[in-house]
Amino acid sequence: MQLIWLRTDLRVTDNTALSAACERGPTVAIWLASPGQWQDHDDAPCKVDFWLRNLRTLRQSLKALNIPLLIRTVERWDQAPETLLAVCKQLQVEAVHWNEEYGIHEHRRDEATRRLLEQSGIQAHSYLDQLLLRPGTVLTRSGQYFQVFGQFKKACFERLHLGLPALAGRVQCQAPLNIPSDPVPERIEGFDTPTDTLRTLWPAGEDEAQKRLQRFLDETIENYQHLRDLPAEPGTSQLSAYLAAGVISPRQCLHAALAHNRGELDSGSAGIQTWINELLWREFYKHILNGYPQVSRHRAFRDQTEALPWRDAPADFNAWKEGRTGFPIIDAAMRQLLETGWMHNRLRMIVAMFLSKNLLIDWRLGERHFMRHLIDGDLAANNGGWQWSASTGTDSVPYFRIFNPVSQSQRFDPQGRFIRHWLPELSDLGDERVHEPMKAADLFANKSYHHPIVDLTSSRQRALEAFKGLPRRQDQRAAH
């Protein structure tokens with residue numbers, strides 16, 4: 001008997017560990033609910049609900065293949081090895097298969113599980129699945145992990161030109177096993193059920209992920225390089241939640257993009273090239289997470305930025321979280337996050353830079369707030385994006401480049417369509433004034449909108465002085 005341990009790989013198609021297990025013999029699947037660990041990791045209730053909904057559709061797909069799905073609950077991951085061993089003994093399992101995950105806690109969990117299983121005479125097999133290239137195999141000439149995305153991308157292209165990662169073999173229907181599947185929980189204690197509106201925005205299942213991918217390729221990707229920066233347009237793939245939960249794989253995305261681009265990896269359609277770059281950014285941050293584990297310990301990638309004099313300003317932080325800053329593009333973006341569990345990527349950069357630079361509030365507070373609300377919350381991508389915006393991370397924006405939320409709003413939402421959708425109190429303002437309602441005194445007189453909580457010019461200068469006062473940069477290799 002083979003056991004496939006499902007985690008963030010909630011699909012049947014192109015699932016490396018599942019395919020490998022089924023090739024070896026009769027297979028049973030298991031999924032562990034870990035509510036205490038999820039709370040420790042600030043996983044959003046809408047993300048946990050998304051896992052459960054996808055697990056229900058996956059259960060049906062597995063049922064069609066005669067693969068039973070077992071559900072077990074462990075409060076934290078340190079209980080996972082014993083729980084899996086008990087199932088193995090009960091079912092006389094010969095080998096356990098799982099797809100690799102990245103992060104300190106994930107690595108410790110998997111190594112502890114491997115040790116216990118092997119001590120008990122049970123084989124443990126792990127597989128590359130959620131990345132195109134395994135961390136540790138894309139390195140500089142000196143054997144270090146890349147710290148600059150452009151160099152990392154070039155090295156990836158050199159590897160991918162030699163051969164694309166193959167899709168996993170198709171899983172065949174097996175003979176029925178006399179093992180009943182467990183019901184998937186409707187909810188997990190400690191995690192609120194999201195609104196029907198949010199659930200409707202993010203339907204579960206592999207079929208939905210494939211439909212989104214095909215729609216994106218057919219309707220949007222050719223102009224993706226322009227549309228991706230416009231929050232009022234449906235210009236992105238809307239696949240991030242499905243990638244984070246493993247409902248679709250990056251291999252499937254890459255193969256589909258190349259098929260749409262006549263097999264060209266770094267030429268042809270500018271839109272497709274741009275989207276492939278985004279897939280590689282996702283790859284890059286997971287490699288960083290693996291190579292520089294301090295970033296998953298709530299530490300800055302650039303050591304010297306730990307000395308930044310962050311402000312303790314709970315009123316400002318709460319105004320930012322609740323969309324009450326007085327800057328329309330910031331407030332609209334934060335309201336989008338709270339209602340949909342998602343935020344447009346351009347806006348993620350704008351609001352992150354506003355918090356860490358204009359408000360000079362520790363980026364880690366913003367990173368945690370995002371994780372507590374994002375349906376596509378991913379440690380590597382979220383941490384990488386926040387540290388990029390805060391100028392504390394790898395390949396990050398120079399500290400003196402600080403986005404002006406008003407000019408960003410005017411550039412990427414010129415007609416104010418996105419702002420008006422999320423801030424109906426500004427719907428009557430003209431296209432110019434909607435970006436700067438602080439100039440409309442009548443709005444403040446009747447308290448229909450908030451005064452700006454900070455002056456952009458003086459707060460920018462404050463941030464520049466804070467960064468200029470830092471010690472010289474240290475070699476990141478010392479932190480590895």
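Which residue in β4 is the bridge partner of Q2? The answer is A95, and it makes a handy starting point for a walk through this predicted model.

Strand β1 covers residues 2-6, and five of its five residues are buried, so the strand is largely enclosed by the rest of the structure. Its side chains point two ways: Q2, I4 and L6 go one way, while L3 and W5 go the other. Whichever way they point, all of these residues are buried.

On to the partners. β1 runs parallel to strand β2, residues 27-33, and five bridges join the two. To find this pairing in the model, look for L6, which stands opposite W31 in β2. Between β1 and β2 the chain passes through helix α1, residues 16-24, in a β-α-β crossover that is right-handed.

Next, look at G25, which sits in the loop between α1 and β2. Is G25 buried or exposed? With a relative accessible area of 18%, G25 is buried, because the cut-off for buried is under 20%.

Setting aside residues up to four places away in sequence, G25 touches Q2 and Q174. Its C-alpha atom is 9.8 Å from that of L3, a residue 22 places away in sequence.

## An arginine on helix α6

R159 belongs to helix α6, residues 149-162. Its relative accessible area is 33%, so R159 counts as partly exposed.

Which residues does R159 contact, once its neighbours within four places in sequence are left aside? They are L133, T137 and V138. Of these, T137 lies 22 residues from R159 along the chain, with 9.8 Å between their C-alpha atoms.

The buried residues are W363, R364, G366, E367, H369, F370 and M371.

What do these buried residues pack against? Five helices are listed here: α3 (45-64), α13 (314-322), α14 (328-340), α15 and α17. Two of these helices, α15 (345-358) and α17 (379-390), come up again in the lining of the largest pocket.

## The two largest pockets

The largest pocket holds about 1,100 Å³ of space. Its lining is made of 36 residues, and those nearest the centre are E278, W281, N345, R348 and A381. The elements that give two or more residues to this lining are α10 (240-244), α12 (270-291), α15 and α17. By class, the lining has 18 nonpolar, nine polar and nine charged residues.

The second largest pocket contains about 860 Å³ of space. Here 48 residues form the lining, with H41, D43, W77, E106 and L379 nearest the centre. This lining divides into 20 nonpolar, 12 polar and 16 charged residues.

## Cavities inside the model

How many cavities of 30 Å³ or more does a search of the whole structure find? There are three. The largest cavity has a volume of about 60 Å³, and its lining consists of Y285, I288, L289, V295, F301, A380, N383, G384, Q387, G393 and T394. Helices α12 and α17 are the elements that each give two or more residues to this lining, and α17 makes the largest contribution with four. Six of the lining residues are nonpolar and five are polar, with no charged residues among them.

The second largest cavity has about 50 Å³ of space. Around it are P45, V48, D49, L52, E186, R187, I188, F191, D192, T193 and P194. This lining has four charged residues, together with six nonpolar and one polar.

How values were computed: Residues numbered from 1 in each chain as written. Predicted model: local features only at pLDDT ≥ 70, side-chain atom pairs only at ≥ 80, totals over all residues. Heavy atoms only, no water. 1 Å grid on protein atoms, 1.4 Å probe; cavity = no way out; pocket = protein on both sides within 12 Å on 5 of 7 lines; lining within 4 Å. Points joined across faces, edges and corners; volume = space filled by probe spheres on them. Nonpolar A, V, L, I, M, F, W, Y, C, P; charged D, E, K, R; others polar. Buried < 20%, exposed > 50% of the residue type's maximum accessible area, 1.4 Å probe, protein only. Pairing = 2+ DSSP bridges. Right-handed = clockwise from strand over helix to strand, strands pointing away. Contact = heavy atoms within 4.5 Å.
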